[in-house]
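User: I would like to go through this model and its ligand site step by step, with the criteria stated as we go.

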Amino acid sequence: MDIVKESEPITSEQIADKLKLTRAALRPDLSVLTMAGILDARPRVGYFYTGRTMNSFISEKIASIKVDEIKAVPIVINEELSVYDAIVMLFLEDVGTLFVLDGDGNLSGLVSRKDLLKIAIGNADIHKIPIGVIMTRMPNLITVTTEESAYDAARKIVDHQVDALPVVKLEKENKQTKYKVVGKVTKTTITKLFVELGNL
Ligand code: ADP
């Protein structure tokens with residue numbers, strides 16, 4: 001990139017000369033930089049620097065990944081489930097957040113592990129208290145849709161200091177908006193994506 005910036009337009013032969021490499025050895029690097037839009041190749045003229053940086057390439061890549069591609073399977077419960085059974089569920093399913101549905105199967109709330117810890121360390125009878133009483137309720141939930149980007153989801157997790165976001169599909173019913181849960185994005189989902197991108 002530095003060589004092209006200094007001496008554009010420059011042919012691949014000239015770049016290879018400067019680096020004391022063969023053109024064939026250089027070809028994969030040049031094609032990656034061209035595909036990423038960092039270099040522009042003009043036939044019989046040579047390579048130009050487009051002004052785009054590796055950072056803008058990375059941020060565009062992250063913004064182009066949709067929630068739909070990375071979402072994980074959500075574990076859902078209903079509002080009547082006891083706090084005790086919800087805690088058992090948390091361990092059985094090996095998750096940190098449970099999403100709560102109302103009688104019609106629409107998203108009504110969620111409980112995080114800290115919500116469950118908080119109630120469990122008090123004097124309440126966790127066998128009797130239903131999840132509906134302690135959950136964080138709609139419309140206070142931070143949600144994400146399948147069309148939003150992985151970056152949007154990660155941003156919401158950081159900004160709102162939460163571990164998980166329900167992925168929702170909006171449905172209009174008698175002028176009311178209902179939310180169906182179609183997935184989840186959690187800190188784990190984003191970490192997995194980060195590892196995958198690092199492997200490219
Ligand atoms: P933990 O309690 O396991 O650290 P969170 O940091 O996710 O989990 O939760 C902190 C608080 O925010 C909890 O009271 C929880 O109910 C609430 N919360 C968690 N996720 C969301 C969300 N997506 N939208 C709104 N509130 C949430």
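User: How do the residues of the shell around the ligand divide into nonpolar, polar and charged?

Analyst: This is a predicted model, in which local features need pLDDT of at least 70 and side-chain atom pairs count only at pLDDT 80 or more, while totals for chains, interfaces and linings use all residues. Residues are numbered from 1 along each chain as its sequence is written, and side-chain values use heavy atoms, with hydrogens and water left out. The ligand is surrounded by 15 residues, each having a heavy atom within 4 Å of it. With Ala, Val, Leu, Ile, Met, Phe, Trp, Tyr, Cys and Pro counted as nonpolar, Asp, Glu, Lys and Arg as charged, and the others, Gly among them, as polar, the shell divides into seven nonpolar, four polar and four charged.

User: Where do the C-alpha centres of domain 1 and domain 2 lie, in terms of how many Å apart?

Analyst: The chain is divided into domain 1 (2–55) and domain 2 (67–198), with bounds from an automatic or database domain assignment. The distance between their C-alpha centres is 47 Å.
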